[in-house]
Amino acid sequence: MSRLANALERVATKVENLSALDPAADAAQKVTGALPAGRVKDLLSGSDVGHPVHPLLITVPIGAFTSAAVLDLTGDHAAARRLIGLGILSTLPVAATGASDWSDTAGAERRVGLAHAALNTVALGAFATSWVLRRSPGRGKISSLVGLGILGASGWLGGHLSYAMGVGVDTTAFSQTPTDWSDVCDTADLVDGSPKAFTVEGESVLVVNRAGRIHALLNRCTHRGAPLNEGQLVGDCIECPWHASRFRLEDGMIEQGPATRPQPVLQTRVEGTRVQVRRSEPRALRVNAV
Ligand code: FES
């Protein structure tokens, strides 16, 4: 690891352990967490597109602010000011989606997310100052450069959240389930309509007997990893106990977010009185990677 990478890692670790951020995070989460599960939350989360939308939207302000810096170099100050204005306006949906994602975090990831948001707010202030100063020709460049620097630092923390802490990543991405039929439990262990968890080759598997049909899904919620067996059945879905995502028992598809990835399902069969499961479809890259 390079010296720079080591230094950045130390900074990230400090932020992760900075419990002084918790009171502010508690207060902010009371606001951002007030949005209930449903259509608006799904839109903000990206449940309809299969990935969080926050990382997609952030490209707009970053592109606008960066392009404005280039136009400052080439002397097109009027266009640079317009781009700064566009960048400022485009932060609204970015902030809304980020706040929604952040409201579902906890502990160290919540602290890093709060620091990320605070830096973004300071950067936004610098760009807003730049936009106002740019009413006078030639002014406001320093302020937007400062904003870009802060945005870079904030972007690094955002990357740390995703790539190092796994926020926004399908928590089952590296799960290993058997490709051969494997014993899970006895049919007598399953009470109709009551979700239960069993361990199969080290992996927690949710098994539900609903109206005489046995369904099996990975038990770790793809969103933030909640144990689905602690949730409840809602119609033909299992509802996650943490943030109320609903996954169809039949195929694991999302009926309600904030999850953005479907829940992996397993094939089931009954041999005698024994319930057996196996992976429904190969996840070749993930298997080979382990
Ligand atoms: S952990 Fe968030 S919806 Fe399941």
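Me: Domain bounds come from an automatic or database domain assignment. Into which domains is the protein divided?

Reply: This is a predicted model: local features need pLDDT of at least 70, side-chain atom pairs count only at pLDDT 80 or more, and totals for chains, interfaces and linings use all residues. Residues are numbered from 1 along each chain as its sequence is written. The division gives domain 1 (3-164) and domain 2 (182-280).

Me: How many residues does domain 2 bring to the contact with domain 1?

Reply: The C-alpha centres of the two domains lie 37 Å apart. Contact means C-beta atoms, placed from the backbone, within 7 Å. Domain 1 gives 10 residues, and domain 2 gives 10.

Me: Is α2 roughly parallel or roughly perpendicular to α7?

Reply: Helices are DSSP runs (H or I, at least four residues), numbered from the N terminus. Axes are lines fitted to C-alpha atoms over the stretch in contact, with angles from 0 to 180 degrees between N-to-C directions. The axes of α2 (residues 22-32) and α7 (residues 107-133) come within 10 Å and cross at roughly 80°. Since 65 to 115 degrees is the range for the term, α2 is to α7 roughly perpendicular.

Me: Which residues of α7 make the contact with α2?

Reply: From α2 come A24, A25 and A28. Their partners on α7 are R110, R111 and L114.

Me: Is G113 buried or exposed?

Reply: G113 lies in helix α7. Beyond its neighbours within four places in sequence, G113 contacts W102, T105 and L161. Buried takes 20 or more other C-beta atoms within 10 Å, exposed 12 or fewer, partly exposed in between, with C-beta atoms placed from the backbone. G113 has 29, so G113 is buried.

Key. Two residues are in contact if their C-beta atoms, placed from the backbone, lie within 7 Å. Helices (H or I, at least four residues) and strands (E, at least two) are DSSP runs, numbered from the N terminus. Angles under 35 degrees count as roughly parallel, over 145 as roughly antiparallel, 65 to 115 as roughly perpendicular and the rest as oblique.
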